[in-house]
Amino acid sequence: MQVNKAYRFRIYPNKQQEILIAKTLGCSRFVFNHFLSEWEKSYQNTGKRLTYNSCSKQLTQLKKELAWLKEVDSIALQSSLKALADSYTRFFKKQNQRPRFKSKKNKIQSYTTKYTNGNIAVLDNKIQLPKLGLVPFKKSREVEGRILNATIRRNASGKYFVSIGVET
(Lines give C-alpha, C1' and ligand atoms only; values in the text may rest on other atoms or scores of the structure.)
Protein backbone atom coordinates (compact mmCIF):
# COMPACT_ATOMS: atom_id res chain seq x y z
CA MET A 1 0.00 0.00 0.00
CA GLN A 2 1.31 3.45 -1.00
CA VAL A 3 1.32 6.07 1.75
CA ASN A 4 2.19 9.76 1.34
CA LYS A 5 4.27 11.27 4.11
CA ALA A 6 6.04 14.58 4.69
CA TYR A 7 9.25 15.47 6.48
CA ARG A 8 9.93 19.02 7.65
CA PHE A 9 13.44 20.32 8.23
CA ARG A 10 15.02 23.68 8.96
CA ILE A 11 17.35 24.81 6.17
CA TYR A 12 20.23 27.26 6.34
CA PRO A 13 20.65 28.96 2.93
CA ASN A 14 23.56 31.30 2.25
CA LYS A 15 23.01 34.91 1.10
CA GLN A 16 22.79 34.09 -2.64
CA GLN A 17 20.35 31.25 -1.93
CA GLU A 18 18.22 33.54 0.27
CA ILE A 19 18.06 36.07 -2.58
CA LEU A 20 17.04 33.35 -5.05
CA ILE A 21 14.39 32.04 -2.63
CA ALA A 22 13.00 35.59 -2.27
CA LYS A 23 12.93 35.98 -6.06
CA THR A 24 11.16 32.64 -6.48
CA LEU A 25 8.58 33.56 -3.82
CA GLY A 26 7.94 36.87 -5.56
CA CYS A 27 7.68 35.34 -9.03
CA SER A 28 5.32 32.60 -7.81
CA ARG A 29 3.13 35.23 -6.18
CA PHE A 30 3.23 37.36 -9.36
CA VAL A 31 2.21 34.42 -11.57
CA PHE A 32 -0.62 33.47 -9.20
CA ASN A 33 -1.95 37.05 -9.02
CA HIS A 34 -1.52 37.70 -12.75
CA PHE A 35 -3.50 34.64 -13.78
CA LEU A 36 -6.09 35.20 -11.05
CA SER A 37 -6.70 38.60 -12.62
CA GLU A 38 -6.85 37.04 -16.12
CA TRP A 39 -9.23 34.35 -14.84
CA GLU A 40 -11.58 36.94 -13.35
CA LYS A 41 -11.49 39.12 -16.50
CA SER A 42 -12.27 36.14 -18.70
CA TYR A 43 -15.16 35.05 -16.49
CA GLN A 44 -16.66 38.56 -16.36
CA ASN A 45 -16.30 39.22 -20.11
CA THR A 46 -17.25 35.87 -21.61
CA GLY A 47 -18.76 33.89 -18.75
CA LYS A 48 -16.29 31.10 -19.50
CA ARG A 49 -13.54 29.81 -17.27
CA LEU A 50 -9.90 29.52 -18.22
CA THR A 51 -8.13 26.18 -17.92
CA TYR A 52 -4.77 25.20 -16.52
CA ASN A 53 -3.53 24.28 -20.01
CA SER A 54 -4.48 27.62 -21.55
CA CYS A 55 -2.82 29.48 -18.67
CA SER A 56 0.27 27.31 -18.99
CA LYS A 57 0.61 28.34 -22.65
CA GLN A 58 0.18 31.98 -21.65
CA LEU A 59 2.88 31.53 -19.00
CA THR A 60 5.34 30.54 -21.73
CA GLN A 61 4.54 33.77 -23.59
CA LEU A 62 4.77 35.77 -20.37
CA LYS A 63 8.25 34.36 -19.70
CA LYS A 64 9.35 35.60 -23.14
CA GLU A 65 8.07 39.09 -22.34
CA LEU A 66 9.38 39.24 -18.75
CA ALA A 67 12.96 37.97 -18.64
CA TRP A 68 13.12 38.00 -14.83
CA LEU A 69 10.67 35.06 -14.70
CA LYS A 70 13.39 32.88 -16.26
CA GLU A 71 15.75 33.42 -13.31
CA VAL A 72 13.72 31.21 -10.98
CA ASP A 73 12.63 27.57 -10.89
CA SER A 74 10.10 27.02 -13.69
CA ILE A 75 8.42 24.14 -11.85
CA ALA A 76 7.64 26.49 -8.95
CA LEU A 77 5.82 28.82 -11.36
CA GLN A 78 3.87 25.90 -12.82
CA SER A 79 2.98 24.73 -9.30
CA SER A 80 1.66 28.19 -8.49
CA LEU A 81 -0.52 28.03 -11.61
CA LYS A 82 -1.69 24.53 -10.68
CA ALA A 83 -2.63 25.74 -7.19
CA LEU A 84 -4.75 28.49 -8.75
CA ALA A 85 -6.50 26.02 -11.06
CA ASP A 86 -7.18 23.65 -8.15
CA SER A 87 -8.48 26.53 -6.05
CA TYR A 88 -10.93 27.53 -8.77
CA THR A 89 -12.03 23.92 -9.22
CA ARG A 90 -12.84 23.68 -5.51
CA PHE A 91 -14.59 27.07 -5.64
CA PHE A 92 -16.92 25.98 -8.45
CA LYS A 93 -17.67 22.75 -6.56
CA LYS A 94 -18.64 25.01 -3.61
CA GLN A 95 -15.96 23.46 -1.39
CA ASN A 96 -14.20 26.72 -0.54
CA GLN A 97 -14.22 30.50 -1.00
CA ARG A 98 -13.21 32.30 -4.19
CA PRO A 99 -9.40 32.53 -4.62
CA ARG A 100 -7.86 35.76 -3.35
CA PHE A 101 -4.79 37.66 -4.43
CA LYS A 102 -1.60 36.76 -2.60
CA SER A 103 0.04 39.53 -0.59
CA LYS A 104 3.71 40.32 -0.13
CA LYS A 105 2.88 41.30 3.44
CA ASN A 106 1.76 37.79 4.40
CA LYS A 107 3.96 36.57 7.25
CA ILE A 108 4.51 33.10 5.79
CA GLN A 109 5.66 32.78 2.18
CA SER A 110 6.16 29.47 0.39
CA TYR A 111 6.56 27.81 -2.98
CA THR A 112 6.43 24.20 -4.10
CA THR A 113 8.60 22.41 -6.63
CA LYS A 114 8.09 18.89 -7.95
CA TYR A 115 10.62 16.09 -8.24
CA THR A 116 11.74 15.58 -11.85
CA ASN A 117 14.93 13.91 -13.10
CA GLY A 118 16.62 13.84 -9.69
CA ASN A 119 16.42 17.59 -9.05
CA ILE A 120 15.59 17.03 -5.35
CA ALA A 121 17.88 14.81 -3.31
CA VAL A 122 19.05 14.39 0.27
CA LEU A 123 22.84 14.07 0.52
CA ASP A 124 24.16 13.61 4.09
CA ASN A 125 23.28 16.88 5.87
CA LYS A 126 22.53 18.86 2.68
CA ILE A 127 19.54 18.90 0.39
CA GLN A 128 19.74 19.41 -3.37
CA LEU A 129 17.03 21.82 -4.57
CA PRO A 130 16.35 23.15 -8.10
CA LYS A 131 18.27 26.35 -8.92
CA LEU A 132 19.45 26.61 -5.28
CA GLY A 133 21.96 23.78 -5.36
CA LEU A 134 23.06 22.18 -2.10
CA VAL A 135 21.52 23.76 0.99
CA PRO A 136 22.61 22.71 4.51
CA PHE A 137 19.78 21.53 6.74
CA LYS A 138 19.16 20.18 10.23
CA LYS A 139 18.70 16.46 9.62
CA SER A 140 16.77 15.03 12.54
CA ARG A 141 15.76 11.77 10.83
CA GLU A 142 16.23 9.79 7.63
CA VAL A 143 14.00 10.49 4.64
CA GLU A 144 12.51 7.16 3.57
CA GLY A 145 10.60 6.69 0.33
CA ARG A 146 10.39 8.17 -3.14
CA ILE A 147 10.54 11.98 -3.11
CA LEU A 148 7.53 13.63 -4.76
CA ASN A 149 7.97 17.34 -4.04
CA ALA A 150 9.54 19.95 -1.80
CA THR A 151 7.97 23.08 -0.34
CA ILE A 152 10.32 25.86 0.72
CA ARG A 153 8.83 28.17 3.32
CA ARG A 154 10.00 31.39 4.99
CA ASN A 155 8.22 32.21 8.23
CA ALA A 156 7.66 35.58 9.89
CA SER A 157 10.95 35.52 11.81
CA GLY A 158 12.95 34.92 8.61
CA LYS A 159 13.73 31.25 9.24
CA TYR A 160 13.61 28.85 6.32
CA PHE A 161 12.11 25.37 6.24
CA VAL A 162 11.69 22.64 3.66
CA SER A 163 8.89 20.08 3.66
CA ILE A 164 9.70 17.02 1.60
CA GLY A 165 6.73 14.99 0.39
CA VAL A 166 7.50 11.29 -0.11
CA GLU A 167 5.65 8.15 -1.10
CA THR A 168 6.39 5.01 0.91
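Colleague: Which residues touch Thr-112, leaving aside its neighbours within four places in sequence?

Modeller: Contact means heavy atoms within 4.5 Å. By that rule Thr-112 is in contact with Ile-75, Ala-76, Ser-79, Asn-149, Ala-150 and Thr-151, with neighbours within four places in sequence left aside. This is a predicted model: local features need pLDDT of at least 70, side-chain atom pairs count only at pLDDT 80 or more, and totals for chains, interfaces and linings use all residues. Numbering runs from 1 along each chain as its sequence is written, and side-chain values use heavy atoms, with hydrogens and water left out.

Colleague: Where does Thr-112 lie, and is Thr-112 buried, exposed or in between?

Modeller: Thr-112 lies in strand 2. Strands (E, at least two residues) and helices (H or I, at least four) are DSSP runs, numbered from the N terminus. The relative accessible area of Thr-112 is 27%. Buried means under 20%, exposed over 50%, partly exposed in between (1.4 Å probe, protein chains only). Therefore Thr-112 is partly exposed.

Colleague: What separates Thr-112 from Ala-85?

Modeller: Along the chain, 27 residues. Between their C-alpha atoms, 15 Å.

Colleague: How do you know that the length of helix 3 fits its residue count?

Modeller: The expected span is 1.5 Å times one less than the number of residues. Helix 3 (residues 74–92) has 19 residues, so it should span 27 Å. Its end C-alpha atoms are 28 Å apart, which agrees. Buried residues of helix 3 include Leu-77, Leu-81, Leu-84 and Tyr-88. The buried residues of this helix pack against helix 1, helix 2 (52–65) and strand 2.

Colleague: Why are strand 1 and strand 2 called edge strands?

Modeller: Two strands pair if DSSP finds at least two bridges between them. The open sheet of four strands has the order 1-7-6-2, with antiparallel pairing. Strand 1 and strand 2 (109–114) each have a single partner strand, so one side of each lacks a neighbour in the sheet. Strand 2 and strand 6 are joined by six bridges in the antiparallel sense. Thr-113 stands opposite Ala-150 there.

Colleague: What angle does helix 1 make with strand 2?

Modeller: Axes are lines fitted to C-alpha atoms, for helices over the stretch in contact, and angles run from 0 to 180 degrees between N-to-C directions. The direction of helix 1 makes about 90° with that of strand 2. Helix 1 packs on the sheet and touches strand 2, strand 6 and strand 7.

Colleague: What makes a set of residues a nonpolar core, and how many residues has the largest here?

Modeller: The set must be buried Ala, Val, Leu, Ile, Met, Phe, Trp, Tyr and Cys residues joined through side-chain atoms within 4.5 Å. The largest has 22 residues. Ile-11, Ile-127, Leu-129, Val-162 and Ile-164 have the most contacts inside it. Two or more residues each come from strand 1 (4–11), helix 1 (15–46), strand 4 (126–129), strand 6 (146–154) and strand 7 (160–167). Strand 7 gives the largest share, four residues. Apart from this core lies another, of 17 residues, among them Cys-55, Leu-77, Leu-84 and Ala-85.

Colleague: What does strand 4 pair with?

Modeller: Strand 4 pairs with strand 3 over three bridges and with strand 5 over four, antiparallel in both cases. The open sheet of three strands has the order 3-4-5. Ile-127 is the bridge partner of Val-122 and stands opposite Val-135 in strand 5. The hairpin of strand 3 and strand 4 has two residues between the strands, and Asp-124 in the turn has a positive phi of about 50°.
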